[in-house]
Each structure stands twice: as C-alpha cells, then as structure tokens.
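User: I have a model open and want to go through the packing. Can you take my questions as they come?
Analyst: Go ahead.

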Amino acid sequence: MAVDSGLSSPLGPPSCEKDAKALQFIEEMTRNPDLVQEKVLAEILSRNGETEYLRRFKIAGATDRDTFKSKVPVVTYEDLQPYIQRIANGDRSPILSSHPISEFLTSSGTSAGERKLMPTIHEDWDRRQKLYSLLMPVMNLNVPGLDKGKGLYFLFVKSETKTPSGLLARPVLTGYYRSEHFKNRPYDPYNVYTSPDQAILCVDSFQSMYAQMLCGLLMHKEVLRVGAVFASGLLRAIRFLQVHWQQLAHDISTGIPNPKITDPSVLECLVGILKPNQELADLITQECSGGNWEGIITRIWPNTKYLDVIVTGAMAQYIPTLDYFSDGLPLACTMYASSECYFGLNLKPMSKPSDVSYTIMPNMGYFEFLPQDPSAPPLSRDSPPRLVDLANVEVGKEYELVITTYSGLCRYRVGDILQVTGFHNSAPQFRFIRRKNVLLSIDADKTDEAELQKAVENASLLLREFNTSVVEYTSFADTKTIPGHYVIYWELLVKDASNSPTDAVLKQCCLAMEESMNSVYRQGRVADNSIGPLEIRVVKSGTFEELMDYAISRGASINQYKVPRCVNFTPIMELLDSRVVSTNFSPAAPRWAPDRRRTD
C-alpha cells in the first residue's frame, strides 16, 4: 500500500516511508551523475593520491579528471598483480589504498580461467549495503504485497582461504553473508527469508541446501518469491529437490531431521521449527512422485509471484528451463555487481530478460567506458584508449566498463561489454552483452561467448518439434584432429522419450550452429579448410551437475559458479567424455562467399 509522502518518487508511489527515502536517493543520484562522478573521483584521489601506485604517475595531488586521465594508464589485472601479490604477502604500506586492505574478494573461478584477488576496504561494505537497500523499494513498485510473505532464496557461503599474510580471500557474497551488515540486519517485512542464517552460513553445501529446501517446503504457502544469485543456482536447487524429495517428505512427516544434518547450529534451528505434518508430506509426495516436473515451483509454492535470478549474459540460456519448472513466472534481474565493485540496479525488474537494463549508480565508484569499435586498431602503450565518461556515453553503442574504486583499482578494465539502452533522468542505462573473452579459436577464427550462445540458440530451434531443449552446454577447441574443430557438449531435457531427436536431427543442429558462426569461421571451413566439421557430443542427464560438484570440490563458490562455456582442463574433459551418449558431426559445410558480409 502506497504512503502519502512528501518524498513521493517519479518512479512510482512508494510502499512505505523507508521506500520513499530510497527512491528519492535514486532520483538524487541520477539527476546529475556527472557532478556525482566528479566528486567521487576527487574523493578517491584525495585519499589515495599518496599511494605508491598513484605516485608513480606524478599526479602531484591533483584531483581533477583531466590530470587523472592524462597521467594514469588503463590497466588489466595482470598489470596490478605484482602490487596485489605484495599486499597478499604482508606488505602493509599504502600500495594501492591509503586505507588498510581488509580482505581480498575472489573473482569467479570460471570467468577468466584463474581466481583473481580483488582488494577491498572495510567501508566498501557500506557502499554495497547501500545498493542492496535500494532493491526492494524498486521491486515494491512493481509487485505489491511482498510484506505479506517470505522469499525462498538459496544462498550459500564457501570456506574461506587466507593469503600468506593472513588476509581473508573469499567470494564477495561469502564476505557479505558473513558481514555484520547481513548478520545484524534490521527486520524488514519486505525482505524476510525462509532460510535461517544458520543454514545460509553453513559451509557444508549439502547440509546448507537441505536445510534451506526443507525450510522452504515447511513455509510453502508463505513463499511469495523464489530466487538464487544465478539462474544456474536455482536450477541446482530444483535438481536437489528431484533427488531428495523422498527424504524431505519423510522429515516433514515424522518431524525428525535427516540424520545427515550434523552441523549443531543448523540442527538446532531445524529441530525448533520442524513438526510432523502429514498433509504437507503427502502434497510433496503427490507432486514429486509422478515424474512430471513441469511447473513444480508453482505447484509446491503456489503463491510465488516471480523468480529472482540473474538471467542476462550467459545465464540467458537457462530461461526455457526456468520457464518449464515455473510455468512461465516472471524473471526478475535486480542488480549488476562484481567482485571488483557493485555497479547499479534494474529500475524495471519485471521487464522481459531480453529488455533488462541496469542503471549505474554514480556514487559506487568512478566509471569510464572504452568504446567497442571492431575496425579500430589494437590498443597499445603508444596508442592508449580514449575513454568516455558515464554521462557522455551514447545510446546504442557498446563499451567496455573501466572502473576506479575507493579500494585502489585505478582505470581497471573489468572485461564486461555493455550496450547503452537509454537514460533514467541523466544517468545512462546499460544492457549486459558479454564478457570480453574469446572462447574458441582454431586458426584465424575467434568465437566469443555471445556468438557461441547465439549458435546454440539457433540450433536448438530444431529440437522444438521433439519437445526437447538444451539444458546446459560447454565447448572446447579440439586441436588433436587435423584440421582442428569445435566440440560442443550438450545436455538435453527430453520431455517425451518416445519422440526424442534422432541422430540426423542432431547432425543438422551441428550445421545450424556452423551457419550461425561469423564469416571468419565459415571461411576457414569452406575456403581455407583450416577448421573441421563442428561436433556435438550429447552427455547424460546430470553431467553438468557433476561438473559443478567437481568445481566446488576444488574451491569454486557455489554462489558465483557459472558453467564454463569453454573447457580445457583434462579432468573436466575426461568427466564430460565419460558421460557422452552420442556424437554427431556437421554433415556439410556452412554457406560462405567472399562477398558475403555479416555483422555478427
């Protein structure tokens, strides 16, 4: 119910006074983002101007943009790694930040092949918490009545590691869930979870998932929204339900927790809320025993209004599977963040996934944008990039995000490619396009994540008449053959075993993928014979679940885990190949002509 407040927002009528203030803050930050950015940079440079890193560039106490841009270079992680390693090894001098580095946040282990250490300072949690505090006020504008129920969110921590100097190194979400901001958060009727903190903070992933699923089932009528960080995390939870529903129903029937729950705090919590409930146990048995999982979310949690998961970028390929399990519930993408910095939020969270845009909040850091021009010469020390300020980006153009943070990253290339879609007030809004990483290359060809996903999507259209979809995929460039060729691993969801796609259809899927590739690839296939026919290897159901389990066993974060779209690590290759049930090659060469141009 909206409040009659003098702080009413152009975004819509706020639900309460607290929401009104949050929406007002968004308006203040977006009316003149250039002024906010100027102040943020001046504050960062005032603080960190005497650090070892910035002294190298002789900015002499300057805090203006022109001096900063003319003297401080644009860098990658490899440029900063020696400084970061010194901090990790115990050097406490002001190397990157005048404030002490409180811990390192580890980037996703599957984003760039290795786990990167991002320095953070204690007050960064205040900025992250500020962005979190804006999410529900925006959501309340779109979905009324969220204070009348709870959110079933599958949230996890992982074991922390330490650098040689004793500083913690952990994923950003583990850091947040373990922070006082999360553990001591004030009660908010619009943001109540079914999962107790004890379950979220349990480092045993099985016990954590089991307890969170059990609590979600016990409160199934109170659940108004279901979510996880990434779409893949929510699908992992559904898979968990498919495997363990009988034990969960037994616990609910008897009122006695699974003996595998041994964590004292989790067990104590479950004992306090678990009471015998045969009616609920019967409902779970009825819905899960028949083998029909279509719409399972709405059947078990009937009051669910939307799913809160990230389905942009590479996560978009999960949308059909989420739709299958939820009967097409709306998919809400609420915020844009990374280990390096939290960036912004989606002011229209109920928009279709293909229309999701994020408004970058100019108070979070100093943001610059590297224009993406395929015809431009490669960047070098002799031809440094010309970056565009936040307020000066142009609608329709694509940029690589470059950040300067309070914790000491200066003009750091995040690697995210964004496209400007419009403005809220004077603040630009961006669609996440892809990570700036080439996935596959055999010869002169270079296929990135967006191209590969497009090819998978186009090929999967051939599976529709068989009521089959691609649940998960990855790839590798097989250079053991001559010529080398692309290998794509597919896990399929076949909804009618009597009408599954034939080998002939899967071969046509190979060709459809090749037809979707860029002209350099197709030239290599047709004219140069430098690339062999594309191969699709179909793997058993559950293979990618095993792949995730393997990654987690090696230290990956369950919250940040994303299926790698390209693999080359031998144990992973062996796991995938041991699960192959059919291999299929493209039956013909794709179309290509020297004068055929595409804008792939």
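User: Which residues touch the most other members of the largest nonpolar core?
Analyst: Leu241 and Phe369, in a core of 158 residues. Bear in mind that this is a predicted model.

User: Which helix gives that core its largest share?
Analyst: Helix H11, residues 231-254, with 11 residues.

User: And what is phenylalanine 369 in contact with, leaving aside neighbours within four places in sequence?
Analyst: Its contacts include a run of Arg386, Leu387, Val388, Asp389 and Leu390. Ile360, Val393, Tyr399, Glu400, Leu401, Leu418 and Phe430 are also in contact with Phe369.

User: What about a second core, how many residues has it?
Analyst: That one is separate and has 27 residues, among them Leu439, Leu492, Cys509 and Tyr521.

User: Switching to sheets. What is the strand order in the open sheet of eight?
Analyst: E9-E10-E11-E16-E15-E14-E12-E13, and the pairing is antiparallel. Strands E9 (335-337) and E13 (388-389) are at the edges; each has a single partner strand, so one side of each lacks a neighbour in the sheet.

User: How many bridges join E14 to E15?
Analyst: Five, between residues 398-404 of E14 and residues 412-424 of E15, running antiparallel. Within that pair, glutamate 400 is opposite isoleucine 417 of E15.

User: Which strands of the sheet does H6 touch?
Analyst: H6 packs on the sheet at E9 and E10 (342-345), and its direction makes about 15° with that of E10.

User: At what angle do H1 and H6 cross?
Analyst: Roughly 110°, with the axes of H1 (residues 17-31) and H6 (residues 124-142) coming within 9 Å. That makes H1 roughly perpendicular to H6.

User: Which residues meet there?
Analyst: From H1, Asp19, Ala22, Leu23, Phe25 and Ile26; from H6, Lys130, Ser133, Leu134, Met136, Pro137, Val138, Asn140 and Leu141. By class, the contact of H1 with H6 comprises nine nonpolar, two polar and two charged residues.

User: Now E1. Which way do its side chains point?
Analyst: Glu103 and Leu105 point one way from E1 (residues 103-106), Phe104 and Thr106 the other, and all are buried. In general, side chains of a regular strand alternate between the two faces of the sheet.

User: Is E1 parallel or antiparallel to E2? And to E5?
Analyst: E1 runs antiparallel to E2 (residues 117-120), with four bridges, and parallel to E5 (residues 168-171), with three bridges. Threonine 106 has leucine 117 in E2 as its bridge partner, while leucine 105 has arginine 170 in E5.

User: How many residues of H15 are buried?
Analyst: Six of eight; H15 covers residues 319-326 and is mostly covered. The buried residues are Ile319, Thr321, Leu322, Tyr324, Phe325 and Ser326.

User: What follows H15?
Analyst: Aspartate 327, whose phi is positive, near 60°. The residue is in the loop between H15 and E8. Most residues other than glycine have a negative phi.

User: Is aspartate 327 buried or exposed?
Analyst: Exposed, because its relative accessibility is 53% and the cut-off is over 50%.

User: Where is asparagine 425, and what is its phi?
Analyst: Asparagine 425 is in the loop between E15 and E16 (427-435). Its phi is also positive, near 55°. At 41% relative accessibility, asparagine 425 counts as partly exposed.

Conventions. Residues numbered from 1 in each chain as written. Predicted model: local features only at pLDDT ≥ 70, side-chain atom pairs only at ≥ 80, totals over all residues. Heavy atoms only, no water. Axes fitted to C-alpha atoms, helices over the stretch in contact; angles between N-to-C directions. Helix = DSSP H or I, 4+ residues; strand = E, 2+ residues; numbered from the N terminus. Parallel < 35°, antiparallel > 145°, perpendicular 65-115°, else oblique. Contact = heavy atoms within 4.5 Å. Nonpolar A, V, L, I, M, F, W, Y, C, P; charged D, E, K, R; others polar. Pairing = 2+ DSSP bridges. Core = buried A, V, L, I, M, F, W, Y, C linked by side-chain atoms within 4.5 Å. Buried < 20%, exposed > 50% of the residue type's maximum accessible area, 1.4 Å probe, protein only.
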